[in-house]
Amino acid sequence: MQTKFIISALAAAFAGAAAPAFAWDTLDGKAPLVIAHRGASGYLPEHTIEGYTKAIELGANYIEPDLVMTKDGVLVARHEPIIGGSTNVASLAQFAGRKTTKTIDGVTYANEYFVEDFTLAELKTLGAMQTRAGRPTTYDGQFKVPTLDEVIALAKAKSIETGRTIGIYPELKHSTYMQGVSLAQGRSKTYFEDKLVSTLHAAYGDSANAPVFIQSFEVSNLQYLNTRTDIKLVQLVDADDVKPDGSMSLVAPYDKPYDVAIKGGKLTFADLVSDVGLSFVATYADGIGPWKPYLLTTVADGVDRNGDGTVNGQDRRVDGSTGVVESAHANGLFVHTWTFRNDASMLGFSDPQKEMEAYLKLGVDGIFTDFTDTGVAAVAALTPVPEPESYAMLLAGLGALGLVVRRRRSV
Ligand SMILES: [Ca+2]
Ligand SMILES: [Ca+2]
């Protein structure tokens, strides 16, 4: 009778302890990362200390500064070298003479303001602006353009304050263009990359364990960085659109990495996520950052799935994995995909959290989102919590074992 009781107590204890362990389908089995795309850009002007701070408060694991460079060679956070839309520069008479025409990645921009024509001191007199229609403009002009150093300082201070590791995810914008800027400024061709590496090494050390990912749409700059740093490198993978049948549309300048295009190379972004392409990427990078339609096939079949009377991207039929996540993982590459927005860009979903969950179920290792809170909610929704019954069984089993031990001691 007593033996039978002990066996049933042990069985109960094991039932609780040996329930199949949950593991994410990520490369390392750990929870996927929520990456605050340009900060909390759904709420506050992008690439500002205030925006990054809000993203951290909303639970971001990483904050993303896109990097460009000033006239005096300082790395600052802006989405593009063109700053007419992301700052209030156009409203300031003293800078009217800075308007000029330049070509970036084969596209000519006429009568624009370019960040490399401003010193840091001048840039600091500007205010950041909301860049997307339909988002709050309440804070326009109030926040400054941050330097990379300031973003790093924020991430470090907030890591101490919150007890969480807040990483940074800098993107080198238009490296080929920046090589020309660097040479014109009398600096070395690789000044942009070298400055990033020296700054990151000073702040975090030269380590793959640093809470840092360096990302780029170009290839040769990442290959160069691979010879200069152990910090993790991410090959971004672009396209200009997704076709109705779910395949990728590749039109210049979004068809190829620009450093490939300018050399007359044939390698397209789609090639980079083929099996051969992924094995090539794995020779110089640690992960890929593809636009989300590369991972999940959605088809525009004309059905108004959400019944709102119009047919758009949200109504696309979700057909399942393209196999790219699986192939990337097989090549040892993690996958961080973009961009998830509550107010735009949903493909095959009307609920932004459900869209993020679909990608997390594919096994992606991280998601870039303008709405960190929705990303955090999506990860939480898929994180299993132990059933109350299994807790009860575990406690009952351990309690019974404790009783047995006490009985033995009393013998
Ligand atoms: Ca970016
Ligand atoms: Ca609809």
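## Exercises on helix packing and burial

**Exercise 1.** Identify the buried residues of helix 5 (residues 175–184) and describe the backbone just after this helix.

*Solution.* The buried residues of helix 5 are Ser175, Tyr177, Met178, Gln179, Val181 and Ser182, where buried means that 20 or more other C-beta atoms, placed from the backbone, lie within 10 Å of the residue's own, exposed means 12 or fewer, and partly exposed lies in between. Helices here are DSSP runs of H or I with at least four residues, strands are runs of E with at least two, and both are numbered from the N terminus. Just after helix 5, glycine 186 adopts a positive phi of about 80°.

The model is predicted, so that local features need pLDDT of at least 70 and side-chain atom pairs count only at pLDDT 80 or more, while totals for chains, interfaces and linings use all residues. Residues are numbered from 1 along each chain as its sequence is written, and chains are lettered from A and ligands numbered from 1 in the order in which they are written.

**Exercise 2.** Characterise the packing of helix 12 (residues 352–362) against helix 13 (residues 372–382).

*Solution.* Start from the geometry: the two helices pack at an angle of about 55°, with their axes 9 Å apart. Helix 12 and helix 13 are therefore oblique to each other, a class that holds the angles left over once those under 35 degrees (roughly parallel), over 145 (roughly antiparallel) and 65 to 115 (roughly perpendicular) are set aside. Turning to the residues, Pro352, Gln353, Met356, Glu357 and Leu360 in helix 12 meet residues of helix 13 including Thr374, Gly375, Ala377 and Leu382.

**Exercise 3.** Summarise the chain as a whole.

*Solution.* The secondary structure comes to 14 helices and 17 strands, and buried residues make up 43% of the 411 residues in the chain.

Note on methods: Axes fitted to C-alpha atoms, helices over the stretch in contact; angles between N-to-C directions. Contact = placed C-beta atoms within 7 Å.
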